[in-house]
Amino acid sequence: MKRILTILLFSVTLIFGATASESATAAFVEGCRFYSEGEWASARMLLKKAVGYPENINPDVYYMLIAAEIYDGDFRGALDDSNVYLDVFPDSLYVPNISFHKGLALYNLGEYEKSVIALSDFCHQFEDSELYSSALFYIGESLFASYQYDEAADIFERIVREFPDAPKAAAAQYRIESILQRAREEKLLYLLRQTGEEYLAAKEDYERQLRMYKPDSADVARPRPAEEASRNEELERQIVSLESQLSTRTDDDAFGGQNPDDFADSEVYDDAKEQIRMLKEKALQAQRILEGRQ
């Protein structure tokens, strides 16, 4: 990016130094200066001002403006200017980069379906681009954010397999582990739910038998049937085992001690945890009711 900036600054300065108005030249030169220093907000503002002058409407200045908007987090502005760029400068050298920036902007705006379409088009048109693996990654991220986990996993696995040295390879591997972890948690949650429901059904059946049974004086102290007690104890052990498995699956265990902050943001499965909590409370409540009637 620094190399591209140097070339752009040199070439555009030569082109417009003699022909552009003083204000147009000043806006462009100041925008370039802030851009080179990484002052993205100032660069974006001045380059936006620069393209307001007819003499600055060219692919080089627009390219720098869109890049500054991306770096500054102005994704709506980057999307709008990318569409202008692709309409006005369809044969520009920077069309592949602008196409990628458009897909990236859509992803960051939460328009995941459109992002997948834009980035897929980029991959079809520019297979030799150095941004190809990054485009694949954001396709996977868009699918992941849309809860299409199987499709996302296929994309991330392709990145790890075909582009092991790519900048996004480590983040792709992390996403694969996230998806596998989610699958494990959902399976354990399903088993816990099934076991909990069976446990509660057994308790309800036992309570129903107690209500229907009318003991005589000699049978008042009769304990509950050993078969029912054994069945409930086994269900209790299964619940405890499943809860233990869920509670011990921390991020460090799931991802080999790696820090998730080093990768893409991981998704927190609050819904699953809430369902587990509710099952626990329901089981404990039923157990207290039963123990109180014994």
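Q: What is the handedness of the crossing of helix 7 and helix 8?
A: The crossing of helix 7 and helix 8 is left-handed. The term applies if the near helix is turned anticlockwise from the far one by less than a right angle; clockwise makes a crossing right-handed. This is a predicted model, where local features need pLDDT of at least 70, side-chain atom pairs count only at pLDDT 80 or more, and totals for chains, interfaces and linings use all residues. Residues are numbered from 1 along each chain as its sequence is written, and side-chain values use heavy atoms, with hydrogens and water left out.

Q: Why are helix 7 and helix 8 called roughly antiparallel?
A: Helix 7 (residues 112-125) and helix 8 (residues 132-145) pack at an angle of about 155 degrees, with axes 9 Å apart. Axes are lines fitted to C-alpha atoms, for helices over the stretch in contact, and angles run from 0 to 180 degrees between N-to-C directions. Under 35 degrees counts as roughly parallel, over 145 as roughly antiparallel, 65 to 115 as roughly perpendicular, and the rest as oblique. Helix 7 and helix 8 are therefore roughly antiparallel.

Q: Which residues of helix 7 meet helix 8?
A: Among them are Tyr112, Leu119, Phe122 and Cys123. On the helix 8 side, the residues include Tyr132, Ala135, Tyr138 and Leu143. Contact means heavy atoms within 4.5 Å. By class, this contact has 12 nonpolar, 3 polar and no charged residues. Ala, Val, Leu, Ile, Met, Phe, Trp, Tyr, Cys and Pro count as nonpolar, Asp, Glu, Lys and Arg as charged, and the others, Gly among them, as polar.

Q: What makes helix 8 roughly antiparallel to helix 9?
A: Their axes come within 8 Å and cross at roughly 160 degrees. That angle makes helix 8 roughly antiparallel to helix 9. Helix 8 passes helix 9 in a left-handed crossing. The contact includes Phe137, Glu141 and Phe144 of helix 8, with Glu151, Ile155 and Arg158 of helix 9. By class, it has 11 nonpolar, 2 polar and 3 charged residues.

Q: Why does Phe100 count as buried?
A: Buried means under 20% relative accessible area, exposed over 50%, and partly exposed in between (1.4 Å probe, protein chains only). Phe100 has 6% relative accessibility, so it counts as buried. Phe100 sits in helix 6 (residues 95-108). Leaving out residues up to four places away in sequence, Phe100 touches Leu119, Phe122, Leu131, Ser134, Ala135 and Tyr138. The C-alpha atoms of Phe100 and Tyr138 are separated by 9.9 Å, at 38 residues apart along the chain.

Q: Is Ser99 buried or exposed?
A: Ser99 has a relative accessible area of 14%, so Ser99 is buried. Ser99 also lies in helix 6.

Q: How many disulfides does a search of the whole structure find?
A: It finds 0 disulfides. The test is a pair of cysteine sulfur atoms within 2.5 Å. Cys32 is buried at 1%, and Cys123 is buried at 7%.

Q: How many helices and strands does the protein have?
A: There are 13 helices and 0 strands. Helices (H or I, at least four residues) and strands (E, at least two) are DSSP runs, numbered from the N terminus.
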